Amino acid sequence: MPTSPEPGRPDPETTTLARGPDGRPVSDRGDTVCVIGAGASGLTAVKNLAEHGFGVDCYERETGVAGAWNWRHDRSPVYASTHLISSRPFTQFPDFPMPDHWPDYPHHSQLLSYFERYADHFDLRRHIWFGTEVVRVEPVGDDRWDVTTRSTGGYGPERTSRYAAVVIANGHNWSPKLPRYEGLEQFRGEVMHASSYKDSAQLRGKRVLVVGAGNTGCDIAVEAAQQASRCWHSTRRGYWYAPKYVFGRPADQVNDLLLALRVPLRVRQWLYHRTLRLTVGDLTRFGLPKPDHRVYETHPIANSLLVYHVGHGTITPVPDIARFHPHSVELTDGRQIDPELVVFATGYLPRFEFLDGKILGDDEGVGRPRLWLNALVPDHPTLAVTGLVQPDSGIFPLAHWQAVLFARLLATRASRPERAAAFAAQVRAGAGERYSGQVKDSTRHWFEVGHADYLRALERALRELESK
Amino acid sequence: MRSWEWARPVRPVRREVLSAVPELEEGRPPLLLVPGFGHGAWAYAENWLGHVAARGFSAYAMSLRGHGGSAPAPEATLRAYAHDVVQVAAGLPRRAVLVGHGAGALVVAHAMARYPAQAAVLVAPVFGGWATFGTALRRNPFGTLPAVFGAGLRLNRRQLFSGELPEADARRHAGRLGRAARRAQWQLLTGTDPEPAVGDPPVLVLGSPDDRVVPAAALNRAARRYASAPLLFPGMGHDLMLDARWREPIDAILDWLIKNPGRDDLG
C-alpha cells in the first residue's frame, strides 16, 4: 500500500497543486484519506486507517478529541450526570479495553479520559487538525473527493484538498429534533431541548414537564423527580423500562449470555417479560400506559430509577401533548397541566450539512441516507459513514469494525480491483438493509440495529472481502 | 462476535507492575515484559528491566494474576492472564511491545488477538501441546506428573538454568518460583490455538537450543507460526533473563526493535 511520505499535515510545498473546477487551487493529498470528526467513531477510523498503512487527515471542529463525550464542546449533548447505558464490555473498543476497575456503567468524564488515552496511546493527534470545520465535500470523478475546510466559526480562508477517500464521522447526536405542537409559540413558560440541558440545577424548584421516553428523557425525568417541585413525564406510548441490573449482573450481559446460547428471540422476549413482571411488576398500576409492542422492538431504555420514582409519586406519567396554551399544556386525554419548564428530550437527527444529500441517497434531505451496513455508500466506493448506528448496545465496537471494513476495502481496491468491484455491486444490492428484528418506525429507529445481527453482518462482509 | 466474553467479563484484580523509565524520553515504544508460569515480575527486575531502561526504552514488567505481587487467583484461566496483559498494555502511555517468556509467550499470543501491539517478542515460548509435555515429563517426572492432577507445575534448577549460573543464584531464583492456576496449566495441553493477531505486528521468536523445557522442534514450530526462524542463543537455559549471559538476548531484542521498524509509524 503506497503511503504519502509524511502522513502528518498537508503541506502545500510538497504536494502537487491542481486546479479545482472553479479555478481555485486544490492541494492533492494523493492516497491520503480524510476523516471528518475526531469523536469516538472518527478516532477509531483514524486509528484503523493508519494501521492499514494509509495516510490520514482528520478535521475536527473542536479543539479536543471525543466529540459528543467532551462536554465542553458546544455540540455535546452530555449532561452532568450522564452515565453509560450499555455496560463496559459492550462499549469499549475491542482492541483497547477500559480499565477493568472502572464501574460497570462509567460516567461521561471517564469516557472522555478513555478517548483521550486512546488518541495518545495510538498517537492519533498528529493526524488531526483541530479547530477546523469541513464546509464542503464534493466528488471529483475517479472516485476522489475535494474537501473544503476553514477554521471553525468561519474565520480565515477556505482551503481545498483532494483525497482518495472520505470517512464521515460527524456524529448523529447534535442536531436537535424538535416536534411541532400547536400553540408552542404562545407558551409563556420556558422551553428547552435536552441538548441544552447540562445540570440538574436548571430544574431546581420548578414545575417541569419532560417530553420523551428515550434514555435521556428518562434520565432527566429522574433528576427532575429529585430536584424539581413537580415532574410530569409525557410519552407517546408505553415502554419497557429495563433495569440496569438483573440476576446480580448488568442486564445487557445477561442478554448476551442468552444470545451466546442462541436462545431464539421469542423465548428471550418471554423471559424478559417474565423477569420484569417478577421484579417491577405491572407498570399500568402506576398509571403508565401498557406497551404496545414487545420488548426488543424499540430502542431499549435502561433505567432502574424511573419506575422507582413513579412508585414514589415524584414522577407523574402523562400521555402525549395535544397543544400548548399560554399558561398551560393540554394533554391528549384532555387534562391540563401547568409546567414552568418544558424539556424536549425528543432526540436528534443526523445531519450532513457539507454534503449533497443525493450522494448518500437521501433525496428528500431529511437525514435518512440509504446505505449498506449503515456505513457504505452505493456508487461511491470511497465514501463511508461511521458511527451512524443506533445499537441496542455500545456503539464504539461497531464503529471500530466499520472502520476496519472500510480500511480493508480501500486496501482491496488497490491490491485486487476486481474483488473490490464485486464488493461494490454487493453494496448497491444491499443498500437500505436493516439489522434488527421488527422495530417501531420513527426518525430514530430507522438506524436502529441489533448489535448481534449487525456485527454478524459486518463479519460476513469482512469475510467476503477477503475471499477470492 | 464475542457474546460469550462480553457476557462474562474477567474479574478485576490488583496487578503488580514494576517499571524502569529512561531519564530521557526518546519516543521509543515501551516494552511490556510478561513472565511465564510460576515466575513474577521479579524475574525481569533481576537483570533486564534496568538494562532496557539504560538503553533508552521504558520498560514495564508485570506479574500475571496469582503470581509475584499480584493478587491471588487460584481459578484463573489463560483468558484471564491474557486479559491482565491487555489491561496493563492499554494502560501504558504508548502502544507497547509485548515480550512474553515461556508460557507467558502463549499468554502474549492470546493478548495479541485483543490488542494491536507495536511488536511482539516470544522468548523460549511454551505453546503447550503434547510434545512439550513429553519433554517435561522426561526431564522432570516428579515435578510434571502431579501437575496433571491439578498440583503446581514444578520446574527444577537444571531445567531452567545453564551450568554457568552460580549455584547460589540458581537456588535463590528457583526458590522464588510460584505456580500458575491449575485450569491455566491444563489449558497448556487442551487449550485452543490463539486467534490471529490484530494489527499485524512483527514478531520475533528467540530461544536456546539447549533449553530443557522447550525442545528445538517446538521453538521452530512457534517461529513458523509467525513466518520467521528463531534466533538462537546456545548454551543457555530456559530462563534466558536470569541466566548468566542474560545480556545477549535482551540486547538482540532491542537491536531488532531499533533496526526493524515493522510498521511505518514507529518513531
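**Entry 1: chain A as a whole**

I began with the contacts inside chain A (contact means heavy atoms within 4.5 Å), and among those between residues at least 6 apart in sequence, 66% join residues at least 24 apart. I note here that this is a predicted model, in which local features need pLDDT of at least 70 and side-chain atom pairs count only at pLDDT 80 or more, while totals for chains, interfaces and linings use all residues. Residues are numbered from 1 along each chain as its sequence is written, chains are lettered from A and ligands numbered from 1 in the order in which they are written, and side-chain values use heavy atoms, with hydrogens and water left out.

I then looked up the elements and found that chain A has 10 helices and 27 strands; helices (H or I, at least four residues) and strands (E, at least two) are DSSP runs, numbered from the N terminus. Of the 468 residues of chain A, 57% count as buried, where buried means under 20% relative accessible area, exposed means over 50%, and partly exposed lies in between (1.4 Å probe, protein chains only).

**Entry 2: one buried serine**

Next I asked where A:Ser161 is found. A:Ser161 belongs to strand E8 of chain A, which covers residues 159-163, and A:Ser161 counts as buried because its relative accessibility is 1%. Leaving aside residues up to four places away in sequence, I listed what A:Ser161 touches, including A:Tyr59, A:Trp145 and A:Val147.

**Entry 3: a three-stranded sheet**

I followed an open sheet of 3 strands in chain A, which come in the order E19-E20-E21 with antiparallel pairing. I wrote down that E19 and strand E21 (336-337) of chain A stand at the edges, each with a single partner strand, so one side of each is left without a neighbour in the sheet.

Two strands pair if DSSP finds at least two bridges between them, and E19 (residues 321-324) and E20 (residues 329-331) of chain A do so over 3 bridges in the antiparallel sense. E19(A) and E20(A) form a hairpin, with 4 residues between them. In this pair, A:Arg323 stands opposite A:Glu330 in E20(A). For E20(A) and E21(A), which also run antiparallel, I found 2 bridges, and A:Val329 stands opposite A:Ile337 in E21(A). As background, I noted that strands of a sheet pair through backbone hydrogen bonds, either parallel or antiparallel.

**Entry 4: salt bridges**

I counted a salt bridge as a side-chain nitrogen of Lys or Arg within 4 Å of a carboxyl oxygen of Asp or Glu, and the structure holds 27 of these salt bridges over all chains.

Which parts of chain A does the pair of A:Arg61 and A:Glu133 tie together? The closest N and O atoms of this salt bridge are 3.7 Å apart. A:Arg61 lies in the loop between strand E4 (56-59) and H2 of chain A, and A:Glu133 lies in strand E6 (residues 132-139) of chain A, so the pair ties together parts that are 72 residues apart in sequence. A:Arg61 is partly exposed, with a relative accessible area of 22%, whereas A:Glu133 counts as buried at 15% relative accessibility.

I also looked at A:Arg150 and A:Glu158, whose salt bridge has its closest N and O atoms 4.0 Å apart. A:Arg150 is partly exposed at a relative accessible area of 26%, and A:Glu158 counts as partly exposed at 32% relative accessibility. These residues are linked in a network of salt bridges whose members include A:Arg61, A:Glu133, A:Arg150 and A:Glu158.

**Entry 5: where chain A meets chain B**

Last, I looked up the interface, where the contact takes 31 residues from chain A and 30 residues from chain B. The two chains bury about 2400 Å² between them, 56% of it on carbon and sulfur atoms; buried area is the accessible area (1.4 Å probe) that two parts lose on being put together, summed over both. In chain A, A:Glu51, A:Asp100 and A:His121 lose the most area to chain B, together 27% of what that side buries.

How many salt bridges does the rule find across the interface of chain A and chain B? The rule finds 2 salt bridges there, and I looked up A:Asp100 with B:Arg15, where the closest N and O atoms are 3.1 Å apart.
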